[in-house]
Amino acid sequence: MSAESSGAVLRGLFWKLFFRGRVLSQRRGSEGTLNRSGMTWTLVVYAFIGCSFCPVALVADTFTFAAIMHGVTLFMVVFQMVMTAGSVLFNKEEAEILLHRPVLPRELLHAKVFVLCGVSAILAGALNLPGMIAGIWLKDAHWWFPLAHAFSLLLMIVFSAGALVVVYQACLRWFGRERLDGMMTTMQTLLTVVMVAGSQSYRFVGRMNLSHLSHAWWLAALPPVWFASLDAILSERHWPPLLLIPAVAGVAATFIVGWLGFHRLAASYGDGLMLLNESGGSTSTRQTGSRWLRHIVKIPPLSWWLRNPVEKQSFLLTAAYLFRDRETKLRLYPSMSQVIVMPLVFLYSGAGSGGWEIAFAGMYLGWLPLQVMQMLEFSEHWRASDLFRFTPYGRWQPLYHGARKAGLALLAFPALLVLAGIIILFKRFDTRLLLLLPGVVILPVWSLVPGIMETWLPLSKPFDAKTQGQRGCITMAIVMGTSAGLSYLAWYSLKESCFPWFLLGEAAIAAAVFAAMCASMSRHKEYNLH
Amino acid sequence: MLSIRDLTKRFGAQLAVDHLSLEVPAGQIVGLLGPNGAGKTTTLKMLTGLLRPDSGTATIAGFDIVTQPLEAKRVFGFVPDSGAVYESLSGLEYLLMVAALYGIDETEATGRIGRFIEFFELGMDTLKNKLLGAYSKGMRRKVVITAALLHNPRVVFLDEPLEGLDANAAVGFKALLETLAREGKTIIYSSHILDVVERVCHRVAIINQGRLMVDGSPEELLRQHGAPTLESLFTRLTGSTDLEQRAETFAKTLRS
């Protein structure tokens, strides 16, 4: 069989797998029927969000408008791609299905990247469609702005996919098996930070029009600026020649990472898949990690906090996956970095404001425990959670609280400390920074939300990018909506000099809500059975 | 048909397979026996291109698995012990996808699949309409075995293939293996179920700690080592002594 037709078979396969999800055993009761409405619903949500930047077309120039659209796409669509790429490109179980078949690793890689790009293009299309239509009414653009934007959007997706593949291949080439998992997580996290920070470039662009690019040369280093420049060159009536620099940089960067990722380094993809199959190796670091974990749960205050032995074991189980499991780390840390970077962007872009954006940055932190708990529900080893169903304990709440406490103690609070450190290091302290506190006070409440929505067991579901994307949108809407209200109240109370009273009131309400949520959770006694 | 020379694999400090050599002619069923962690699965993963050997060579029907992977992969079939499949495909979709990767056109593949499902007593309706995630373990195993044999391979690697199969299917499968061997196919059967290996295999290779301990027909091995059964030879070679005494001691600890 020719290589081309193998490629077509693989593309068809991965396309099907994306839309159906990879694992369906939990749906056995319904004889494995498929939920086909999931993607439609996601597209509707994305299109709805896309409508929110349509009014900008009436006031902004082509470049600024395109930079906003590219920024939001980078934040929402490409971020999803980064999150799922690790498990799609390096799926251990898949090696046992496909690697012994007559298929070239290069074909496998190309098919996977094709589908990743295809899915991202569909999502980006839904997100950008309202803006592309609104773009027809841009003051300084030709009628073909939508076509120009579609082209630059496609280029940005190829660039992002290429950059991801280059990062992974470079890790494979330069680091051995022992360091591979850690390096992949670090690189993916760094890539997420760059993407999220880059996606917010429109905040700066909006402030300093790109005609001032000569004074803000660093803007030309941000991907949304590259591709927005391309939009402007292709569709604006009179574009400043300076835009050629970022536009050429974008096209060149796309070609370079594309050539490196899909051609030059593609041959080593098979080596990476083989490395995944190596189950042995040095275990000394892992044993040390295990000892460290077992030690800290015996010391106050953790020992007081984890008096229930089931909670303690759930804490240890979760902690083990947080620090040792490749798949968990690849999903969790990049998503966390997003939650840490965004408040920083708010803080810095709100430097000259009255403090509302600082308050909102604090509230954004609420997403952190929620994100952690949502991610900790998924694992490649979800079948092992049957253990909780057949042991005679009968209650899921201690398992939830153990995992929740691990998420808070080992991830959320250290992340807050890092954030506080960065703020203190780079930003002069002023009283407006107190506006971050309301966000911290409400953290424990947000950490209970997944337990209210359904009975929750740690690591008990196979990861499904579609479901996770929908949940992400819904929870983001809930957190952001509530946070916006609270941020306004916090900002107003500081302005009216009654902030301590506001904080006290918020703490009292948060405690009451927390207690009510715990009580509500304890009423759900049944486990979710497959 | 299968030639393994000095095949070696290390995982860090641990030597998983230690200079393993084996020659298997066409039409022979070889049982690969060994305790847990002996290196059976690692050996099969190297032979099927899932792992790269640190040293040594393996050729399948004359094709080197490292330097001619595509040619080698076209002539063998593999049933991995994990039984991994894409759970969101129906059984038929999965088998047609596998057939396409071996260059078998859909009409031809559907005919072959029909013959297999008749043999395994799987209904075509189930295969068409039910997703693999909803299959029982045994049904899924039947699909994995079908996927390994669909392209009529010259060499078949089986890693614990009977796991999950019911007694009737297991008996039928063992008969199928004998028929395939008579047709000239080479079969490497890795298992730790000794009586099945003893009954099905023409030749047994026992490996322990990555090294080949003995290799020969079951009768020959029993005669050479003066062992009454394959089980006693296995426990003697792999160092598992006083098992009954240890079981008794363990049971006592449970009672106390």
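Putting chain A and chain B together buries about 3600 Å², and carbon and sulfur atoms give 58% of that area. The model behind this figure is a predicted one. On the chain A side, the residues that lose the most area to chain B are His100(A), Arg101(A) and Pro102(A), which together make up 20% of what that side buries. In terms of contacts, 38 residues of chain A meet 41 residues of chain B.

A few polar links turn up at this interface as well. The count of residue pairs in polar contact between chain A and chain B comes to five. Two salt bridges are found across the interface. In a salt bridge between the chains, the side chain of Glu96(A) meets that of Lys45(B), with 3.4 Å from N to O. As for where the touching residues of chain A sit, the elements that give two or more of them are α1 (3-20), α4 (92-98) and α11 (269-276). Helix α1(A) provides the largest share, with eight residues. Sorted by type, the chain A residues that touch chain B come out as 17 nonpolar, twelve charged and nine polar.

Stepping back to chain A as a whole, it is built with 23 helices and zero strands. The chain runs to 530 residues, and 58% of them count as buried. Looking at contacts in chain A between residues at least 6 apart in sequence, 84% of them link residues at least 24 apart.

Two residues of chain A give a closer look at its inside. His70(A) lies in helix α3, which covers residues 62-89. Its relative accessible area is 0%, so His70(A) is buried, the cut-off being under 20%. The side chain of His70(A) also makes a polar contact, at 3.2 Å, with the side chain of Asp231(A). Setting aside neighbours within four places in sequence, the residues in contact with His70(A) are His149(A), Ser152(A), Leu153(A), Met156(A), Pro224(A), Phe227(A), Ala228(A) and Asp231(A).

Asp325(A), by contrast, is in a loop, the one between α14 (309-324) and α15 (326-349). With a relative accessible area of 11%, Asp325(A) falls under the 20% cut-off and therefore counts as buried. Not counting residues up to four places away in sequence, Asp325(A) touches Ala320(A) and His381(A).

Over in chain B, Val24(B) belongs to strand β2, which spans residues 14-24. Val24(B) has 1% relative accessibility, and because buried means under 20%, this residue counts as buried. Once neighbours within four places in sequence are left out, Val24(B) is in contact with Met1(B), Leu2(B), Val30(B), Thr186(B), Ile188(B) and Arg203(B). Of these partners, Thr186(B) is 162 residues away along the chain, yet its C-alpha atom is separated from that of Val24(B) by 7.4 Å.

Methods
Residues are numbered from 1 along each chain as its sequence is written. Chains are lettered from A and ligands numbered from 1 in the order in which they are written. This is a predicted model: local features need pLDDT of at least 70, side-chain atom pairs count only at pLDDT 80 or more; totals for chains, interfaces and linings use all residues. Side-chain values use heavy atoms; hydrogens and water are left out. Helices (H or I, at least four residues) and strands (E, at least two) are DSSP runs, numbered from the N terminus. Buried means under 20% relative accessible area, exposed over 50%, partly exposed in between (1.4 Å probe, protein chains only). Contact means heavy atoms within 4.5 Å. Buried area is the accessible area (1.4 Å probe) that two parts lose on being put together, summed over both. A salt bridge is a side-chain nitrogen of Lys or Arg within 4 Å of a carboxyl oxygen of Asp or Glu. A polar contact is a pair of N or O atoms within 3.5 Å; within protein, one must be able to donate a hydrogen and the other to accept it, and residues adjacent in sequence count only if both atoms are side-chain atoms. Ala, Val, Leu, Ile, Met, Phe, Trp, Tyr, Cys and Pro count as nonpolar, Asp, Glu, Lys and Arg as charged, and the others, Gly among them, as polar.
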